[in-house]
Amino acid sequence: MADPIFIAVAVLTVGAAIIALEARELIYGAVALAISMLGIAGFFLLLDAPFVAMFQIAVYVGAVAVLIIFTVMLVRTQALFTTKEDKKRKSAGIALMLIIMASFGALLIASGLNGQFGNFAGSPTVNFKEIGKLMLTYYAPALIIMGLTLAGAVIAALALARREDVEQQHERAD
Amino acid sequence: MRRLRLRAERTWNNNMSELIDFLIVSIVLVAIGIYGLVVKRNAIRMLFSIEIIANAANLTLVAFSRGLPNAQGQTFALFSIAIAAAEVAVGLGLIIVAYRLYKEIDVAEFRSLRS
């Protein structure tokens with residue numbers, strides 16, 4: 001609780017996550033989501049996992065945020081301004097959020113995890129050479145399946161976003 | 001109360017964060033994500049909520065990986081990040097298709113899956 005850098009990163013991450021959901025314009029929400037992802041990458045750096053942090057920045061801030069911003073621009077702006085939330089639902093949602101935070105937080109603090117691992121300063125860190133070795137030996141089948149999944153997802157996204165009416169027009173024009 | 005003060009003093013002296021702090025941040029992020037999933041009707045905002053929850057899960061994995069210490073947690077976090085990217089691509093493709101069909105991205109308007 002005492003590390004000022006930790007508190008700063010926590011405030012940045014949680015605040016940006018709230019802004020991502022509550023900002024009036026969706027495009028600001030997308031930017032706030034990217035900032036929240038950067039905050040998570042900062043947590044990874046604090047946890048001595050620079051490789052995962054760089055991966056997080058490359059994938060989330062580099063790819064996912066840009067993809068979301070492009071989609072927000074593709075969708076008509078008028079559809080984005082219709083906020084039709086009823087107040088009752090919103091207050092119920094906030095109550096649910098607070099209940100989850102309080103109950104799980106109390107559970108965590110009451111659990112044996114509190115102080116079990118001590119602080120991280122003294123314990124040895126994970127070397128990223130070890131991660132590479134694990135990925136290419138024990139988890140090699142998982143890596144291959146992940147590659148196939150990514151390829152399948154890209155093809156599926158392309159197939160979903162294809163416009164048949166425009167293509168037919170082109171064929172007629174040809 | 002005394003235990004709390006002792007713990008506060010201990011962490012203040014060490015000036016370093018513990019596993020439990022990261023877990024609490026993760027819980028807060030999960031709660032915010034669930035709030036967004038429950039309240040928001042905009043499909044893109046629901047996707048934001050899913051991303052926030054997935055990130056909280058990654059944070060937990062890496063925090064435990066640091067605490068144990070064990071490299072498998074970080075490996076799982078890497079896999080999870082890559083799969084989340086694929087999930088976002090498909091989710092946005094679905095949102096664009098739904099927008100083309102209904103001219104609307106409000107999930108309450110998606111009453112049927114027919115076009």
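Predicted model: local features only at pLDDT ≥ 70, side-chain atom pairs only at ≥ 80, totals over all residues.

1. Residues are numbered from 1 along each chain as its sequence is written, and chains are lettered from A and ligands numbered from 1 in the order in which they are written.

2. Chain B has four helices and zero strands, in the order α-α-α-α along the sequence. Helices (H or I, at least four residues) and strands (E, at least two) are DSSP runs, numbered from the N terminus.

3. In chain B, 67 residues are in contact with 76 residues of chain A (contact: C-beta atoms, placed from the backbone, within 7 Å). Helices H1 (2-14), H2 (19-39), H3 (43-67) and H4 (71-102) of chain B each give two or more residues to this side. H4(B) supplies the largest share, 22 residues.

4. Helix H7 (residues 140-161) of chain A packs with H4(B) at an angle of about 15°, the axes being 8 Å apart. Axes are lines fitted to C-alpha atoms, for helices over the stretch in contact, and angles run from 0 to 180 degrees between N-to-C directions. H7(A) is therefore roughly parallel to H4(B), a term for angles under 35 degrees.

5. Residues of H7(A), including A:Met146 and A:Leu150, meet residues of H4(B), among them B:Phe79 and B:Ile83.

Terms used: Contact = placed C-beta atoms within 7 Å. Parallel < 35°, antiparallel > 145°, perpendicular 65-115°, else oblique.
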